[in-house]
Amino acid sequence: MQTPAPFGYERATSVDHAIQLLEQLGPEARLVAGGHSLLPMMKIRLAQPEHLIDINPLAAELGSISIDGDSLVIGAMTRHNDLLASPLVGEHFPILQDAERVIADPVVRNRGTVGGSLCQADPAEDLSAALSALHATATIRGSSGSRSVPVRELHVGPYETVVGDAEILTEIRVPIRNGCGSAYEKVERRVGDWAIASAAAVVWMDGGIITDAGVGLAAVGADHFVSPAAEAALRGQQPTEDVIVAAAAAAAAECNPSTDQRGPAEYKRHLAGELTARALRRAVARAQGGQ
Amino acid sequence: MTDTAVPTSAAGNPIGFGRMLRKEDVRFVRGKGHYIDDVNLPGMLHGAILRSPHAHARIISIDTSAAEAHPKVHAVITGAVLDTLGLAWMPTMSYDTQAVLATDKVRFHGQEVAFVIADDRYSARDALELIDVDYEVLDPVMDAKRALDDGAPIIRDDKDGQTDNHIFDWEAGDAAATDAVFASAEVIVKQEMLYPRSHPAPMETCGTVADMNPLSGKLTLYSNTQAPHAHRTVYAMVAGLPEHQIQVICPDIGGGFGNKVPIYPGYVCSIVGSIVTKRPVKWVEDRSENLMSTGFARDYHMKGEIAATKDGKILGLKVDVLADHGAFNATAQPTKYPAGFFHIFTGSYDYGAAHCKVSGVYTNKAPGGVAYACSFRVTEAVYLVERIVDCLADELGMDPAELRMKNLLRPEQFPYTTPTGWEYDSGDYPRALQLALDIAGYADLRKEQADKRERGELMGIGISFFTEGVGAGPRKHMDILGLGMADGCDLRIHPTGKAQIRLSVQSQGQGHETTFAQIVAHELGIPPEDIQVINGDTDNTPFGLGTYGSRSTPVSGAAAAVVSQRVREKAKIIAATALECSVDDLEWELGRWQVKGDPDQGKTIQELALLAHSNLELPEGVEGHLDAQAVYNPPNLTYPFGAYICVVDVDPGTGHVQVRRFIAVDDCGPRINPMIVEGQVHGGLVDGIGMALMEVIAFDKDGTNLGGSYMDYLLPTPMEVPSFELGETVTPSPHHPLGVKGVGESATVGSPAAVVNAVVDALKPYNIRHADMPLTPAQVWMTMQGKTLRTDLAFED
Amino acid sequence: MSHDHHNMVSVSVTVNGESRTEECEARMLLVHFIREKLGLTGTHWGCDTSNCGVCVVSVDGQPVKSCTMLAAMADGAELTTVEGLETADGLHPIQQGFMECHGLQCGFCTPGMMIAAKSLLEQNPNPTEHEIRDGLSGQLCRCTGYHNIIKAVQFAAEKMSASEEGASA
C-alpha cells in the first residue's frame, strides 16, 4: 500500500491555535481536515509537507450551518454529508444538494469538508462552481484578522488559492435574496468520478424577469469556475428557451476545456453548453416555485 | 434446475446438488478470512519495488547507496545483483523471457527496477525515494498498429536475432475454402474493432511472503496464486531450487480473474530477498502496481469479415488480428495456442468455412494478455462474432434475434466440429435464445423502442449468444511449459465416515469448499458438512494446474467425482465382504450399498469406512482403508453457452449510457450449487458491463499508463448496473462424469457484446454501425457526431 | 525530513467496545493501525485512493475509509470493525443477510461492505433498491455483481425492522 512520507503532527485546538501553528511551523506545514484530497497526494509523495496540522478538532467551531442576517453561513469544516442533509441548505440553495449528491461517494462525504474541497482547488471541483454561481464569499482568517473574498476570486489557478500560508478559510457566506432558483448538473464517467464537465446555474427572478444570474462551470477550464458571458446573457431577460439556449451557447464558447482521458475538448465544450441549459431550466423552474 | 429428490442432511444441507449456503462464509462474514497481507511471520521484513517512470529508456546507472544507508533497510536488490545469480530474467509461460529487475532497459511504464527490503512497509517506501536511476529516454512504441513499421524502435534488443517487434503469426481454419465462400457470397460485411486493454483488478492485489529456512533449505512461499502447483514447479525450474523443498501455500484469495496466474517479478525478488536476509520477506502490491504491471487482458485489434446470403444465411467468417502483447510475451495459455482459444471465433453458428490469422507484436506496455475471466481469449472471439453478426443484421435490415435464430447450430448437429477444429460437446442453442427473448419480452421491447424513437429518445436492445470452450484441457493438446493440464484429487474417508478431499485447484472466491463437498456428497452420500475441502498447500494437495479458464469444475470437479466413485467401488467390496455376498448382488442407494431385492441388508458409507479400518478380513489383494486418488485428464473441453439480452437508455445530449435491464440465460449443464452458479453469472455480467462502458488501460504518446489507479481504471459501482434477470437451460456434457460444463467466465465472455450491441442499436438513428469500447459518455457522443475515438491511446488535441 | 518527537503519537481508541492505546508514527494510516497495532485483520485495503471502500470502518458511528484517515485523527474515537458486528446474541442481521443471500464470494470487500451497509440501514431502515445502490456506491466488489449484496441488505433491513417491531410490541 502507498504510504505518506514522515511528517510532524500537530492538533489544533482552536482557529487561533491553528494560525499560530502555521506561523510557527512555516510554509512547509499544511492544514488537514477530511484529508481525502491531501492524503492521497501524500501517499504518492506528490505532497510531502513537513508538518500536518490536524484541524478536525475545530469541527465544532467551524462546522455549523446557520443563517446570519441575509446570508447562509457554512462553516469550513462542514462535512459534505452535513451540507447534503441540511434543511436550511435545501430550503435556500438546492443547487448545493444537487452538487453534494454527485461529489465522491457517501462514505467519502462523511469525512470531506467544504473548506477542504475549496482549498484543494481542483479544476473539476463541484462546490467551487456552485458557490461561484451563488456569488458566495469566503472568510479567510490570519493572525491580523479576517478578510472576505468572493469565491470567484478564491482560486488563482489549478490547485492554488489566495489563502495565505498562515491563513485558514473559516466559512462561506451565501447571500440570500428573494426569487432565487438554482440547480447543478454534472456528467461523470462513472458515479463518484470527478466531472467530465458540470454546470451550476442560479437565477434571481422578479416579476418574470431574471434580475441576476450565476453560471458556474467545473472541469472545462472556465476562468474562476464561472461564465460571465452566460450571466450577462441572462440578466434582464425573461427565461425563455431562446434565452437559455443563448446563455448556454455563451458558456460553451467562453470556457476553455482541454482533452484528457475523460474526453476530447470538443465534447466537453458541448457538455458545458448542454449542462448549462439543463441546469438553467431547472433553476428557473425552482425560482418559479417548482422543483 | 434443483433436483428436488436430493435428500437433506441433519444440518439442512443437500446431500448432493442443490442450493447450500457456503461453508467459507462462516469465516468471511466475521472478518476471519486469512489473506496474503494477513500473513505475518516472526522477524518478517517488507519489500517494495522501484518502478520505471518511463515506457522505454536505457538504464545508464543505478545508485542505491543512499537507500542502503537508510537505518531500516536490510538490502537493496537490483537487476545487476540478480544477474550474478542468473535470475535477472525469467522465462514466461509463452516461452519468452521477462526481466525480473531491469538490467539494460526499461520497457514499460511501471516496470520493476529495484527491490528494497526494510523493517516495515513505510520505511521500504521511504528508501525507494533514495534510489537514483539515470535513464536515457528512448522513443516508445505505444500503438500496436505502428509496431511493425520500418524504423520502429526495437523493444526486445535483448533477444538474439530480434530485429523488429514481431512475436508470432498464427492461423487456424482453411484460408482457401474461406476465400472461395467469400468469392461467391451475396453479402459481405467488414468491420474493424478493438477489444481494448483491460485489467482484472481483483479487490485484493497480488502478493507473497517468502520464507527461506537457511538451515533446512526449505522455501515456504505464501502466495495468493491461482496455480500453486504450477508455481512450485516453475520456481524449481527457474531458480534451480529442489522442488521437494518448495512449499507454496495459498491463503484465502481476494479475487483472481486471471490476474493471479502468472509469476511476477515481486515474487522472485521476495524469494531472493529472503535468501539474502535470511528472514521472511513480504511483498504486497499497491493498487497502482497491480494495474500498471501485472497481467492485463485483451488488447486485440480485430478486422472481421462475414459473408452471407441476402436472406441472412451466414456462409463464412474471417478475421485478421493484431495482438498487442506488451514488452514481454507473458501470456499464460496452453503452449500450442499463442492466441489462446481465439480460434473459437466462429461462435455458435453454422458456416461453410472460416479462417483467422493472429499476429502478436511487442509494444512498450506491461506484459500479460490472458486474464480477466477470458477463457483463454474466448472473450475476444465472442465479441468479434457477436458484434459482426449485428453488423450483418444492420446491413441486411434484419432483426438481430431473427438473424441469430436462423443461423444458430441446431441440437441435432451436436457433437459439432467447427471449421477451426473444435468439437462442441452438446447444446440446444435455439432453446436458450428463445428463453432469453421470452424473459425479455422482446417484441414489447422493440415496440417500446419504436415509440421512444418517435419522441427522440434513445433506447437500445442488444443480443449476444456465446459458446465457450472451457476446462483445459486434454493433455494430448494442452500443456503449459510442458505440464499437461490434468488435475489430481485425493479423497480420504476417515474411520468414522467423515471425509477430506484435497484439490489441486485453488479457490479465489468461487466457493470450492462448498461445491466440492457437494460433489463428494452427491457421489458418496456423505453429508457435505462432514466433508472438508483442502486446497492451497502444495505439500498437502495433489499436483494440478490450478484455477483459471473456468477449469475447476470441468477438470477438478471431474477428478472429485472419479475419486469418489473409486471410493464407492472399494466400499462395495468391503460391503460384500461384510454382508457375505457377491459384489454383483449389491446396488448403490445414495450413501449405502445394499443387497438387491433385500434393501434392509446393507451398509452405509460411514459403516463401511469403519469396516475398512477394522479387522474385517478383506479379499486377497484388497488393501484396507477407504482412501483413493485420481488424476483427471479431460477427453475434450466442455462447451457452456448462453443467450444474453441487454437494454440500455442513452442520453442524447450527453452520451451517457444506463443499463436498464440485463437478461442472461446460461446453460452450463447441471448446476451443483445453483446459488453459487448464479453468483458467478452476476459477477461476470458486471465485469462485462464494466468493459463495455468504462474499463480501459490507455496510454499517452509518451507511454504513460493512464489507468494506474482506481480513480482512472474505473470499475462499475452498484449504480451502473441493474439487478439481473437470469434463466437457465440444462444440456449436460456427454463426456464429463457429472455432465457439468463450468460457468466461471461465461458472463464475462458473453456480456460485453450484448452491451455494445445495445448501445449501437440505440444509436441507429445516427446511422452508426460500430463504436469501440469502452462506451464512455465521450465515446458515445463523439460517435453520434461521426467521430468515434481511438480508446486505447490518449486523445490528442 | 524532520524527525522530531511529533513524528510519534499515542492513539487511544475504543475498538469494538474495548479500550486500546498504542504508539505509532504520526503518518500511520488508520487501516494499518487497525490491522497491525490492534491486530484486527478483518479490515482490508484495496486501493490507495479512497475509491474502493474495502477499508471502511465505523468511526464514532460513521463509516469512514480508513486508508484515507490517519490513526492520529482517530485518537479518542470509538471504532467498530467487522469483528465487532457479532454479539453474544449471534451474527448481526447484516452478516446473516450476506450469508443467506450469497452476498459475498472472495470475501475481501465484505467487511467494508457490511459496515457501510449497516450505516445505511441505521440512517434509512427501509431503503429502496436505488437507495441501497446509491448508499453503497463508494464500495466496489469485483465478484458478486452487487445483485446479491442488494438482496443481503434487503434481508437485513427486513430482519432488523421485524426485530424492532418485536421489541416495541
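Contact here means heavy atoms within 4.5 Å. With that in hand, take chain C. Among its contacts between residues at least 6 apart in sequence, 55% join residues at least 24 apart.

Some ground rules. This is a predicted model, where local features need pLDDT of at least 70, side-chain atom pairs count only at pLDDT 80 or more, and totals for chains, interfaces and linings use all residues. Residues are numbered from 1 along each chain as its sequence is written, chains are lettered from A and ligands numbered from 1 in the order in which they are written, and side-chain values use heavy atoms, with hydrogens and water left out.

More on chain C. It has five helices and five strands. Both are DSSP runs, numbered from the N terminus: helices are H or I with at least four residues, strands are E with at least two. The order along the sequence is β-β-α-β-β-β-α-α-α-α. The C-alpha trace spans about 55 × 35 × 25 Å along its principal axes. The radius of gyration, taken over C-alpha atoms, is compared with 2.2 Å times the number of residues to the power 0.38. For 169 residues a compact globule would come out near 15 Å, and chain C has 17 Å, which agrees. Of the 169 residues, 63% count as buried. Buried is under 20% relative accessible area, exposed is over 50%, and partly exposed is in between, with a 1.4 Å probe and protein chains only.

Now chain B, strand S11, residues 207–212. Five of its six residues are buried. Pairing needs at least two DSSP bridges between two strands. S11(B) pairs antiparallel with S14(B), residues 281–284, over four bridges. There, B:Ala210 has B:Val281 as its bridge partner. S11(B) also runs antiparallel to S12(B), residues 219–223, joined by five bridges. B:Asp211 is bridged to B:Thr220. S11(B) and S12(B) make a hairpin with six residues between them, and B:Gly217 in the turn has a positive phi of about 75 degrees.

Next, B:Gln226. It sits in the loop between S12 and helix H6 (228–239) of chain B. Is B:Gln226 buried or exposed? Buried, because its relative accessibility is 1%. B:Gln226 and B:Ser507 are 281 residues apart in sequence, yet 7.3 Å apart in space, C-alpha to C-alpha. Leaving out residues up to four places away in sequence, B:Gln226 touches B:Phe257, B:Lys260 and B:Tyr548, among others.

The search uses a 1 Å grid over the protein atoms alone: a cavity is a set of points where a 1.4 Å probe fits but cannot get out; a pocket is an open set with protein on both sides within 12 Å along at least five of seven lines; lining residues have an atom within 4 Å of a point. Grid points are joined across faces, edges and corners, and a volume is the space filled by probe spheres set on the points.

How many cavities of 30 Å³ or more are found in the whole structure? The count is 11. The largest cavity holds about 680 Å³. It has 48 lining residues, and the closest to its centre include B:Gln510 and B:Glu745. H16(B) gives the largest share, six residues.

The second largest cavity holds about 220 Å³. Of its 23 lining residues, those closest to the centre include B:Pro91 and B:Ile263. H6(B) gives the most, five residues.
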